[in-house]
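Here is a short briefing on one protein chain. Please look over the sequence and the structure before reading on.

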Amino acid sequence: MSTVGHTISSTSNPQEALRLIGSEKIDFLLTDIKMPDMDGLTLAKKALETDPEIGILFMTGYADVDTAKKAIATGAYDYIMKPFELSEIRNSVNSAVAKRKEIQKKQGSKGLQHLSELMGALYTTGDAESLTRLILRFALFHFSLKEGMVLLYNKASEQLHVVMAKGATTC
């Protein structure tokens, strides 16, 4: 379904929503907080485990401070109260899209900076382990991972060498 420049997939089943998120590129999840099979906060957490870049928009008719705090803690782009007008959802989605583009733009320039630093380091780093660790840290940053390892096998000496890196939020 397409409306106002957005392609929309919908389901009333949280498991189906998670399947869609895992199989398609979904930019945003708009979910109710109170649902029978799985609450929206749990759905949002599972969606973020599947796709850490997905944007979350919550709607609810049962607002309370604790729920709002939990929604914000998930990194929600917006928290919409029922009843609402369709224009409120449109504005919320448009605002979330703009915010997401700004974040991606900032991350893109960070990525270019890190790539430039990596290229400079490739020419100045002498030992293989430091070079491998540097490349691994860049890969971890690029894929938003917290830790990783590279296994290097020297066929001539039949030695296996392990290079590990953690906490690569920056290179």
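Buried means under 20% relative accessible area, exposed means over 50%, and partly exposed lies in between. The model is predicted.

**Surface patch**
- Met-149, Leu-151, Tyr-153, Leu-160, Val-162 and Met-164 make a nonpolar surface patch of about 640 Å².
- Strands β6 (147-154) and β7 (159-166) each supply at least two residues of the patch.
- Met-164 sits in strand β7.
- Its relative accessible area is 45%, so Met-164 counts as partly exposed.

**Asp-32**
- Asp-32 belongs to strand β3, residues 28-32.
- Asp-32 has a relative accessible area of 15%, so it is buried.
- Its side chain makes a polar contact of 2.4 Å with the side chain of Lys-82.
- The Asp-32 side chain also reaches the backbone nitrogen of Lys-34, at 3.4 Å.
- Not counting residues up to four places away in sequence, Asp-32 touches Gly-40, Met-59, Thr-60 and Lys-82.

**Nonpolar cores**
- The largest nonpolar core has 17 residues, of which Leu-29, Ile-54 and Phe-58 touch the most other members.
- At least two residues of this core come from each of α1 (14-23), α2 (40-50), β4 (55-60) and α3 (65-73).
- Helix α2 gives the largest share, four residues.
- Apart from this core lies another, of nine residues, including Phe-28, Ile-89, Val-93 and Val-97.
- Ile-54 touches Ile-21, Ile-26, Asp-27, Phe-28, Leu-29, Ala-47, Leu-48 and Arg-100, not counting residues up to four places away in sequence.

Technical notes: Residues numbered from 1 in each chain as written. Predicted model: local features only at pLDDT ≥ 70, side-chain atom pairs only at ≥ 80, totals over all residues. Heavy atoms only, no water. Patch = residues over 30% accessible without salt bridge, like charges linked within 9 Å, V, L, I, M, F, W, Y side chains within 5 Å. Areas by Shrake-Rupley, 256 points an atom, 1.4 Å probe, with all protein chains shown as cover. Salt bridge = Lys/Arg side-chain N within 4 Å of Asp/Glu carboxyl O. Buried < 20%, exposed > 50% of the residue type's maximum accessible area, 1.4 Å probe, protein only. Polar contact = N/O pair within 3.5 Å; in protein donor to acceptor, adjacent residues only side chain to side chain. Contact = heavy atoms within 4.5 Å. Core = buried A, V, L, I, M, F, W, Y, C linked by side-chain atoms within 4.5 Å.
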